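Please read the report below with the sequence and the 3D structure open side by side. The text moves from the strands and helices to single residues and then to aromatic rings.

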Amino acid sequence: MEHKQRVPFTKDFLWGAASAAYQVEGAWNEDGKGPSVWDVFVRKEGTTYKGTNGDVAVDHYHRYKEDVQLMAEQGLKTYRFSIAWSRIYPTGNGEVNEKGLAFYDRLIDELLANNIEPMITLYHWDVPQALMDQYGGWESRQIIEDFNNYAITLYKRYGDRVKYWISLNEQNYFVSYGYETALHPPGVKDRKRFYEVNHIANLANAKVIQSFRKYVPDGKIGPSFAYKPYYPLNSHPDNMLAFENAEDLQNYLWMDIYAWGKYPITAWKHLEEHGLTPTIEEGDFELLASAKPDFMGVNYYRTQTVEHNPLEGGIGVGVKNTTGKKGSTKDSGVPGMFKTTANPHVESTNWDWDIDPQGLRVGLRRIATRYGLPVLITENGLGEFDTLEENDIVNDDYRINYIKSHLEAIQDAMTDGVEVLGYCAWSFTDLLSWLNGYQKRYGFVYVDRDEESEKELRRIKKKSYYWYQQVIESNGESL
């Protein structure tokens with residue numbers, strides 16, 4: 001759909017940036033914090049790039065005031081951050097850690113003092129290790145109660161000041177990387193356990209949304225989904241069917257649950273035929289259907305092109321690029337459903353992620369049409385190698401071009417009729433990129449550290465910092 005003119009961004013559009021506790025805070029064992037699964041997992045040889053970890057990360061725990069001042073100077077309207085569960089409950093349940101709660105009080109108050117809307121993510125992958133030891137973490141339904149109690153603690157403590165909440169961040173990734181590809185903790189390759197864990201996470205997500213309605217009745221909450229819209233390689237009917245299969249199994253399996261409390265028919269049939277259906281107990285679907293979110297949170301980085309993948313002899317799990325060596329990704333798939341393939345019409349990053357702003361517009365329209373929910377862009381950004389030049393200059397025009405094109409795509413989608421509440425760039429500062437170490441940089445603010453040394457962790461504004469500052473100041477008109 002082409003328009004003569006784009007609609008302007010709404011006056012209350014939430015221009016923001018995002019982060020996650022493990023990736024920025026550091027202070028991994030300070031002030032009573034217990035270990036998370038990531039604190040343990042990264043100590044296993046070969047799990048991360050050059051053995052990097054988040055023990056210090058970019059030291060946001062001690063430098064949050066400096067970081068918030070940089071946010072205020074840039075003009076951010078919102079800052080999305082996650083809370084480390086094991087900083088609040090060191091053993092996942094039991095006694096609450098007041099020092100942990102107090103840290104987030106200070107962060108929230110600092111944001112509000114600078115007219116920045118705090119946006120809390122309840123869970124960004126760092127389940128307490130104690131719960132893994134007690135009952136297997138997400139593999140036990142006991143986590144539903146523990147996660148709900150943790151969430152209620154946060155609602156009661158911060159709900160008077162925080163009105164935007166994310167329930168689970170990228171559930172599709174933390175269950176697949178943890179239980180299908182073994183790239184993330186607990187490092188398991190078992191598709192049956194993957195779908196069991198995923199169903200339990202769905203129930204936990206629904207439960208905390210249900211509780212939210214009681215404790216923060218004037219707030220908004222939704223999950224944050226790692227959304228990768230799919231394309232068929234071409235119009236061959238077999239590839240069209242592979243595209244439909246991929247959408248069902250890789251996207252709608254989650255979003256249909258979030259919005260409607262039910263699994264898509266074709267994906268469920270696939271699970272039945274392969275003995276992969278999760279255990280369903282009485283009341284499960286009633287709980288799932290009762291917890292419709294206020295918005296669909298979307299973490300968008302790329303699209304994915306797929307083609308036919310035969311049931312006999314088809315390919316399965318491939319190889320993920322975690323080094324930045326372009327072309328090292330190996331295609332993956334689900335036999336009988338789909339396999340990934342290169343899209344000849346788009347460029348890609350050094351991590352082999354397709355750069356496709358039009359795909360964001362396509363995805364936003366699909367969500368709005370299918371679910372009738374507003375969308376909050378909870379992550380979008382470009383991870384690349386940045387160079388610190390003389391006089392503390394970082395010329396990241398490639399990041400500016402990436403974000404600009406995606407913001408234009410969002411505006412196009414809004415002109416198409418999609419309601420978009422806000423945009424949180426990933427990320428505000430550079431941070432630990434999970435498996436990729438510190439070399440894969442996303443921030444508007446350069447943090448002077450690398451895999452070998454923490455150096456002084458100086459904060460340095462990149463060219464993109466000043467560009468985004470102008471975008472916010474003009475409410476998107478400068479695009």
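The model is predicted, so local features need pLDDT of at least 70 and side-chain atom pairs count only at pLDDT 80 or more, whereas totals for chains, interfaces and linings use all residues. Residues are numbered from 1 along each chain as its sequence is written, and side-chain values use heavy atoms, with hydrogens and water left out.

**The barrel**

Eight strands close into a barrel with parallel pairing, in the order S1-S2-S3-S4-S5-S7-S13-S14, and the twist averages 25° from one strand to the next. Helices (H or I, at least four residues) and strands (E, at least two residues) are DSSP runs numbered from the N terminus. Strand S2 (residues 78-82) pairs with strand S3 (residues 117-123) in the parallel sense over five bridges. Some of the residues that face one another across bridges of S3 are set out here.

| Residue | Bridge partner | Strand of the partner |
|---|---|---|
| Phenylalanine 81 | Isoleucine 120 | S3 |
| Methionine 119 | Tyrosine 164 | S4 |

Glutamate 117, which lies in S3, counts as partly exposed because its relative accessibility is 26%. Glutamate 117 touches Lys77, Thr78, Tyr79, Lys163 and Tyr164, leaving aside residues up to four places away in sequence, where contact means heavy atoms within 4.5 Å.

Helix H7 (residues 142-158) lies across S3, strand S4 (164-169) and strand S5 (220-226), and runs at about 165° to S3. Helix H14 (residues 397-416) lies across strand S1 (14-18), S13 and strand S14 (420-426), running at about 170° to S14. For these angles, axes are lines fitted to C-alpha atoms, for helices over the stretch in contact, and the values run from 0 to 180 degrees between N-to-C directions.

With a relative accessibility of 3%, glutamate 379 counts as buried. Beyond residues up to four places away in sequence, the contacts of glutamate 379 include Arg80, His124, Asn169, Glu170, Cys424 and Trp426.

Threonine 429 is placed in the loop between S14 and strand S15 (445-447), and its relative accessibility of 6% makes it buried as well. Among the residues that threonine 429 touches, not counting those up to four places away in sequence, are Val24, Val58, Asp67 and Gly443.

**The open sheet**

Four strands form an open sheet of mixed pairing in the order S6-S8-S10-S9. Strand S6 (230-232) and strand S9 (333-334) stand at the edges with a single partner strand each, so one side of each is left without a neighbour in the sheet. Helix H10 (residues 237-260) packs on this sheet, touching S6, S8, S9 and strand S10 (338-341), and its direction makes about 165° with that of S6. S6 pairs with strand S8 (residues 304-307) in the parallel sense over three bridges, and proline 232 stands opposite valine 306 in S8.

**Aromatic rings**

Rings of Phe, Tyr and Trp (its six-membered ring) pair if their centres lie within 6.5 Å, and planes under 30 degrees apart count as stacked, over 60 as edge-to-face and the rest as tilted. The count by this rule is 41 aromatic pairs. Tyrosine 79 and phenylalanine 81 form a stacked pair, at 5.7 Å centre to centre with 25° between the planes, and both residues are buried. One aromatic cluster is formed by Phe9, Phe13, Trp15, Phe444, Trp467 and Tyr468.

Charged groups also sit over rings, which requires NZ of Lys or CZ of Arg within 6 Å of the ring centre and within 35 degrees of the ring normal. The charged end of arginine 43 sits over the ring of tryptophan 28, 4.5 Å from its centre, and arginine 441 lies over the face of tyrosine 446, at 4.0 Å from the ring centre.

Methods. Buried < 20%, exposed > 50% of the residue type's maximum accessible area, 1.4 Å probe, protein only. Pairing = 2+ DSSP bridges.
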